Amino acid sequence: MGKLQRIMKKLHNKSPYFWIGLFMSSVAVVWAVLGFFWTPCSTTAMSAAERFQAPSWGHLFGTDNFGRDIFSRVMKGASTTVLVGLLVVLFSGGFGVLIGALTGYFGGILDELVMRFVDAVNGFPSILLALVMISVLGSGRHNLILSLGIVFTPSFIRIVRSEFIRLRDADYISRARLMGVKKIRILFVHILPNILSTFSVSVMIGFNNAILAESGMSYLGIGVLPPDASLGNMLSDAQGYLMRAPWYAMAPGLTIVWIVLGFSLLSEGIRRNAGEVRGL
Amino acid sequence: MKEIAAKAMVKIEDLSVHFGETKAVEHVNLTVAPGEILGIVGESGSGKSVTALTLMGLVADSAKMISGRILFEDTVLAESGKPRDKALYRRFQGEQMTMVFQEPMTSLNPTKRVGAQVEEMLLLHTQLTREERYQKVCESFQAVGLKNPEKVYRAYPHQLSGGMRQRAMIAMATILHPKLIVADEPTTALDVTIQNQIIELLRKINQKEKNAMIFITHDLNLARRLCHRIAVMQNGHVVECRGTQEVFADPKEEYTRRLIEAVPSRMKPKIKIQRSNREPVAVVEHLNVYYHDGGGLLSRKSRQQVIRDADFTIYRGEVLGLVGESGCGKSTLSKALLGMNRDIEGEIRHFSTRPQMIFQDPYSSLNPCKTIEWLLTEPLRAAGEIDPAFKMSAADRRAEAHDMLRKVGLDEKYLDRRPSQLSGGQRQRISIGQALITKPGLVIADEPVSALDVTLQAQIMELMRRLQDEMHMAYLFISHDINVVYQMSDRIMVMKDGQIVEQGETEEIFRAPKDPYTQLLLQES
Amino acid sequence: MKRRISVYFMTALLLMTALGGCAGGTQKPSEDKSSLESTVAENSQAVQSSQETKADGTGEAGYGGKVVVGIQQDMDSLDPHKATAAGTKEILFNIFEGLVKPDPDGNLINAVASDYSISEDGLTYTFTLREGVKFHNGNNVTAEDVKYSLERASGLLDGTALISSLSAAKGGITKVDILNDNTVQVSVSSANLELIYSFTAAIIPAGSGEDPEAQPVGTGPFSFVSYKPQESIVLKKNPDYWQQGLPYLDEVDFKIVNSADTALLELQGGSIDIYPYLTDSQATELQGKMDVLSAPSNVVQALFLNNADPVLKDVKVRQAICYALDRDSVNDFVFGGNAAVVSCAMLPTMQSYYEDLNSVYGTSGNAEKAKELLAEAGYPDGIDFTIQVPSNYEVHMETAEVVADQLNAANIHTTVVPVEWETWLSDVYNGRKYQGTISGITTDMTPGYLLNRFQTESSKNFVNYANAKYDETYAKAAASLDLTEKAGYYKELQKLMAEDAGTAFLSVPPITVAIKPELEGYTFYPVYVQDMSVVKYK
Amino acid sequence: MQYRMTKLIGKKLITLIMTLFLVSVAAFLAFQIIPGDVVNAILGTEATPEREAKLREELGLNDPPVVRYLHWIGGVLHGDLGRSYRYSKSMNEMLPVAELIGDKLPVTLWLAALAVFFIVVVSIPLGVFWAQGKSHFLDAFLNVLTQSVMAVPSFFLGILVTYLFGMVLKWFQPGGYVSYQKDFAGFLKYLVFPAISVAIPKIAMTARFLRNSMLTEKTSDYVRTAKSKGCTDRQVMYGHVLRNAMMPVVTFLGMIIAEIVAGSIVVEQVFGLPGVGRLLISSISNRDFPVVEILILYITAVVIVVYFLVDLLYRVIDPRIREM
C-alpha cells in the first residue's frame, strides 16, 4: 500500500465532524489571513452619510457608527483575534511542552514545585489571572498576548506532563532507555510524537480559549484597544447600538462563534479518530 | 450423547453472530444439560465469549444475530431476525441463569459495597425483608468459602483480594440457585494457587446444586480438570465437541491436536537443552532492592524492601528461568538487573554489553508511531553513540534491520508498517528483534508469552530458542507459569515474597523440589 | 458603546472634565455688567427673579415624587472640600452650599451669606450670614461654622489647603475673624478679582471635618441619606431649605450606572429618569421618546502637544499638526456637529474674553499646508507621531480614531496608544512623557482658569509650553483690577498660544441630557452641576 | 476515620494559610510594579504637592514596602481588613474593606447559587438522557448544539440574552438591578437572566462531560454484571453508572463553581451587577490596594475551599479514595 493510498484511506475514515470543522476553521483562517493584506473597503475610512446602514450588497454586514464597512472591519478584527490566539497558543504551547516534558519525565522536587504552582494557577479563573497580569503589564496587544500566554501555560504543562508521565513508564520507553538512547532524544523523538494527537486537540482547545479570552478582555477594555480592530472591542462598541443596529453586534459575535465552533468541531473530529485508532 | 441432548436445558441452535464485517460466531450448535459442565475452549477471537454473551443476552448492541436461535428449557430466548427481547431476558437473567466474569475487580461496581451488590440480586428477584436478605447474603458468602461474611458484606471491592472478589462474584451468581451458570475465564486473572481453589469451588457448587455450567477458557488444562464435555472453538466455529476424556485421548481435529500439543507441559520434552560453558554474563550478590512510595513535599516517604538477599549468576548461552506469583518481585528483580532501580544494596556485575529486555505486552512495548524499520534501526543508532564498535552508516543499519526482520520470521514488506498494523504475534517478533539486534550478552524476557494464545506461545518460544542458538546469549526467562518455564529453561529460580526460595537445574527441581512453596506450585499446575 | 474597564468612573463628557475639577466659581457671562461689584450687588435680585419663575409651581401639584438620575462616576469622596472629581461635585452641589453659589446664568448669588462686601484694596471680605439657615442636622449655621469651614478649606487648620485657590500662598485666606454672631471677616493675601468665586466652598458644621462618624451635612436643598459604592447615592428633601418653595422632589437617587449603554436601556425601560451624559448617537436614538436637552459644556477638548518633545519642539511641526486637523469632521463624527470648534483655551460663551482664532489654521484640515510646513521643518517624508489616549474616555478614544486618520493623510504617521487613566495621570499628566495626547480640560467660572496653566512654571503646564512673553502677559492680567484691561490681556494670551501652536485645540463639546417627559425644570449651569432642586413633575 | 478526617482538614488548613500568605505577598508585589500611583489616582489632576504629601502620609505610603506589608498583614491577622482607598463610608472615613466586600458578596453568591442550580438541574438529566444514545440523529444534534453553545463568548451570550429577553420580549429591565436589601424578590428575578447567561455554556460543558463519562462507564465490566443480574436499563443507569460517572463531573462542577463564586466578571459587567468581579476590576483600576488584596485572597480561599469540598465529595462517592 503506497503512502498516498494510506493517507487517502485515513482521510476517508475521518468523521463528518472533522470535515465540517476543517471547512469552518479553514474559511476562518483564510479570511483572517486575507484580512491582513486586503479588505474590500477601507477599515478606517469614515463617512457620515453612511452611518448605520443595514446589511446590503454594498456593505455585506452593514456599516457602523462611523459609517465604516463592518465586513472589512470584521475581517481585520478576525485577523487580530486569530493572530492573538495563535501567538498565545504558540507561547503557552511551546513552554507547556518544554516544561511539561521535563517535569513529567524527570519528576522530582522541581516537578513538585512546578505542579504546586500549576495547580494554584489552574484553580484560578483564567480571566481573573489575565486581568491581574495585564494590570501589572499594562493593556495593549503585546501585553495581552504575554498575559494570556502566561495564564494558559500551566494547563499545557499539566496536559503534556501527564502524557509524559503516562508514557515515561511505557514499555517502549523503558526499552529506549535500555538501548542507551539519549534523554533529549527520548523526550522529543520517542515520546513527543506519541502525544501529538492529544496535544493537537489541546492546542485547538487552547486556541479557542485564547480567542474567547481575548475577545472577553477586549470587551472589558483591557485587551486589544481601538484603533486596532478586534472582534471583542467591536462587540463592545456595538452593544450600545443593539436596538438601532443589531447587525453591528451580530457580525463580530457570530464570527467569533464561527471560528471557535470550527476549531472545536475539528478537534472533536481528530479526537474521535484518535479514539478509533486506539480501539475505543 | 443423545441422552444428554434430549434432556438438554439450554440449546444453541445454528447460532451466527456478526459484528459488522466480522463474523464472530458461525453456525454454532451447543447444548448443556442440568448438572453438566460444558467447557468452551478456544484462543482469543475464537468466538467463545461472544457465544456465551449472546446466550446470556449481554452481547453488545452492535452484534447481529444472523441465524439460529437460543432455547432455555422450552422458551425461545432469542431468534435471528427478531430484536432482542430485553424484558423476556430479564425474567431469566439473575434468577435462572447467571454469569461469572473474568475480572472480578472491574466486574464489581467499585463504589458499592460488595454486600449490597450481591443483595441487589435478592432485591431484584425476591420479596425478602431486609434482615432476611442480609442473612441470605452472609450465608452465600459462607457457602463460597468467605470467612467473616459480615466484614465482606461491608467491604468495597478494592478492599478484598482477587480471590475473595471472585468468590463474592460466585456468591452473587449462585445465591438464587440458578439453573445455569456461565463462567467466562473466571480464573485467568488470578494466581495459580487461587485458580485451583476457584476451580474446586465451581466443581463443588456443580455437584451440590446440580445446575448446568458453561466454563469458558483458553486453557485446555483447566477445562480438562473441570469439564464433563469440551467444545473447541476456532474462528467462530465449533470444531469439536465431545467428552473431555475422548477429546484429550483422541483429538479428532487437527486444530484440537495442535492446541493440546502447544500447551506447555512437563510431560513433553523440552524444546532444547543446551549446555553452557559456565562463563558468567551477570553475577548478582546479596542484592536488596527497595521501593519508594509517595514522597511529596508534604508527605513522608516510605521505603519498602522488595527483594531480599538475591544471589545468583547467569551464564552465557543458558536460559535461567524465574518463577513466582504476581507481586513476588520478579519484575523488580529484572529491573534492578537492568539498572532501572536506583535504591539497591549488594552487587550486580555484568560481563557483557548492556542487557536488553523483552516485555510481556507486545502492544505496549513498541512505539506506536514509528515504522518497523525505525524501530529496528534505533537500537543500533543509540548503541553507535555509546560504543564506537556499533558505529555504522544509515544504510548498514537498514541492512542489519532487514536481516533481523528475516531472522524473526517476517519479510521486508513489513518494514514501513507501524505496530498497529501487525498482529500480536508479529509484534512480539519485532520486539524480540529489537532486543536482539545489538547482540546483547543477556536478554531479560519478562513473561514474553503470557499475553499470547497457546499456539503462538509455542512459536515464540521456539523462535527465542532458535535465536539464542544463533546468537549465543543468555536469557533470564520470567514467568508465572511453571510449565512454560520448564519448557524454556536450563536452570530455574523460584521466588516468593522477594526471596529466591530455591534455584537449581530444571530437571532436578521438577523431580525433587525442596522448598514447600515450589512443591505447592508444582502440585497446583 | 465601549465598556471600558473603569467605565463607570467616566462619563461620556465628564471624561474631559477630570482635567480640572472646579472648586466652584462663576462664569462671567457676556451680557454681564462691567464690574464684579455690580454683579454682586444684583445677586439678590437674581435670586428673587429665579424664585419668581419657580414660584408658579409652588404650593400646588409639582411637589413630591422621586427621580432617579443616572450617573457614570462613583463618588470620590463625601467631603465637599476633598472631592476633586467633577462627577462628585455635581452631586454634592445638592447637599452643600458656600457663602455664595452659582446660578444658572453664571452669576454668583448669596447663599449662606445674605450679603457681603469687599474692601477697596481687595484684601478684606466681610460676609453677613443669612438668618435662619439650618444644617440638615437641624442646627443653625453660626459664624463659628463659617470660620471653621473656611479655615479647613484654606489649610489654616492643619497646613494643607484642601481648595488650593483659597490657600494663602495662592493669594487666598490668611485669617478669618468673627466680628459678631452673624458677621465674618476674611483677610486675603493678595487682591484678586476672581477670588470671590472660591467662596462657593461648602459650609459645614464646625468640627465635622474631624469627626470620623460625620455624615455629609450641609445646608443645601437635599440632605444625604445613604451611599452604596458602585450602586447609588440617595438624597431626600431638606424641608428647612432657606429658599422658599424649593426643592420640589421628595427624594433623588443618583444611580451609578454601569455604562452609557445600560443607561440607555434603563432610560428606555424607565428605571432611570434623567441621564445627563448622552453621546450624540444615543441622543438620536432617544429622540422622540425622551426630552433631550443640550447645552455647551465647560470643557475644552484638545490634542495636547508636548512642546518639549525633540520633534514637536519645532513650532513648524506643531503648526503642521494644527493645519492637518479637520476639526469640523471631528465635530461631526464624535459630537454630531453639536460642539463648538475652538482654537484656544477659552469657552466661546465667555464672550468678552474669547478670541475667535479658528481662522489661524482653519477648521476643515489643510493637509497640503501641513506637508509643506513639515518639509520646511526638515521632514519631507513626514514624521512619526504617537498619541496617548486615556482609554476609559470613550469620546477621546473616538476622537483619536478620527484624528489619526486625518494626520496620516498629512504624512504625520500616527499611532494611537490607549493607556489606562491611572497610567495616563502618572506618565502623561504628571510625568509629561508623551508626544501628543487627546484629553479635555475643564474650566470653572473664572475666565483665566484655563490660561493660568500654560505659564512656563505652572505645575499644570503638562504641555511644557514655554513663552516668556506669555508669562509676562499673564502676570499683568492677574494683577489688573480692571475687567476690560484684563479681557485685553486674556485675548493676547490666546493669540500667543495659537501662533505658537502650543497645543492643537479641538472643540467645546456639548452636554446632552435625556429627561423623562413627565419631568420639567431641568436647568443647565455654566459649571458642571446637577441641580435637582428645580426639577419637578409636571 | 474521625482522626483521619481531622488530620486531613488540618493539613488542608495549613495549605490554605500558606497559599493565602504567598498569594498576598504576590499581590502586594504586583501592586508595587503596577504603573500608576494611588495618590495620583485619588487626587486626579487636582493634585497639589502638599495634598499629595498629606495623602501619602495618611495612607502610610512613605514607609518602605516591607513595613507596609507587615503593617497590613498585622491588621488582617487582627481581623482588620483595612479600608478602601477609594470609597467613603462617611465624610471623613473611608469604607472598611470588610463592609464593602460584605455588601457585594451576596450579589455574587446568589448569582452563583442560581447559576449552579440551573447547571445541575439541567445538565445532569440532559447528560444522562444523551448518554442513553436513543438515536444517532439526536446524538449528533446535541453534539453540535452543545459545541455551538460553548463557542459563544460569555459577553456575547449576555448581549444576546439582553437583546432577546430584555429588549424584544421585555421580560426584564436591562440594567434595572435592584439591591437585595431593598427588594429581595426583585433582586432574584433580575438575577435569573445573568444566571442563565452564566449557566448556558456551563450546562453544555457539563452535559458533554457527563455524557462522555457515562459512555465510558457504560462499557465497564460492572455494567455487564449488573445487566446479567437482570437490572433494567434504568436501574443500570441510575443505580450503577451515574454514581461512577459523576466523579469527573464533580471535579468539573467544582471548577465551575469556583469560577462563578470568584466573580463572573464579564457577566457582572454586561448586566451591571455590583458583584465582587466588577469590584475587583474597578479596584484594580483605582489602585485601591486594600480592596484588591482582600478580593484576591477571597478568590484564592474560595478556590481552595471549593476544591477541598470537591475532594471530600469524592471521598463520599468513591470508597477507593477514602482509603488513601
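Why does B:Gly504 count as partly exposed? In this predicted model, B:Gly504 counts as partly exposed because 16 C-beta neighbours lie inside 10 Å, whereas a residue is called buried only if 20 or more other C-beta atoms lie within that distance. The residue belongs to strand β19 of chain B, which covers residues 499-505. When residues up to four places away in sequence are left aside, B:Gly504 touches B:Arg491, B:Ile492 and B:Ile509. Its C-alpha atom is separated by 9.4 Å from that of B:Leu320, a residue 184 residues apart from B:Gly504 along the chain.

Elsewhere in chain B, strand β6 (residues 97-100) is covered on both faces, with B:Met97 and B:Met99 buried on one side and B:Thr98 and B:Val100 buried on the other. This strand runs parallel to strand β7 (residues 180-184) of chain B, to which four bridges join it, and within that pairing B:Met97 has B:Leu180 of β7(B) as its bridge partner.

Strand β4 (residues 113-118) of chain C pairs with β5(C) in the antiparallel sense over five bridges, and C:Asp115 finds its bridge partner in C:Thr128 of β5(C). The hairpin formed by β4(C) and β5(C) has five residues between the strands, and in this hairpin C:Gly122 takes a positive phi near 75°. An antiparallel pairing over five bridges also links β5(C) with strand β7 (residues 183-188) of chain C, where the bridge partner of C:Thr126 is C:Gln185.

Chain A contains ten helices and zero strands, and 56% of its 280 residues are buried. Of the contacts in chain A between residues at least 6 apart in sequence, 69% join residues at least 24 apart. The mean pLDDT of chain A is 81, with 89% of its residues reaching 70 or more. Within this chain, confidence is lowest in helix α1 (residues 3-12), at a mean of 64, and highest in helix α3 (residues 70-106), at 89. Over residues 276-280 of chain A the pLDDT is below 50, and this stretch has two contacts in the model beyond near neighbours in sequence. Where pLDDT is low, the predicted coordinates should not be read in detail.

Chain D meets chain A through a contact in which 29 residues of chain D and 30 residues of chain A take part. Several helices of chain D give two or more residues to this side, among them α1 (2-33), α6 (136-150) and α10 (233-261), and the most, six residues, is given by α7(D). The side of chain D that touches chain A divides into 22 nonpolar residues, six polar residues and one charged residue.

Methods: Residues are numbered from 1 along each chain as its sequence is written. Chains are lettered from A and ligands numbered from 1 in the order in which they are written. This is a predicted model: local features need pLDDT of at least 70, side-chain atom pairs count only at pLDDT 80 or more; totals for chains, interfaces and linings use all residues. pLDDT is the predictor's confidence in each residue, from 0 to 100. Two residues are in contact if their C-beta atoms, placed from the backbone, lie within 7 Å. Ala, Val, Leu, Ile, Met, Phe, Trp, Tyr, Cys and Pro count as nonpolar, Asp, Glu, Lys and Arg as charged, and the others, Gly among them, as polar. A residue is buried if 20 or more other C-beta atoms lie within 10 Å of its own, exposed if 12 or fewer, and partly exposed in between; C-beta atoms are placed from the backbone. Two strands pair if DSSP finds at least two bridges between them.
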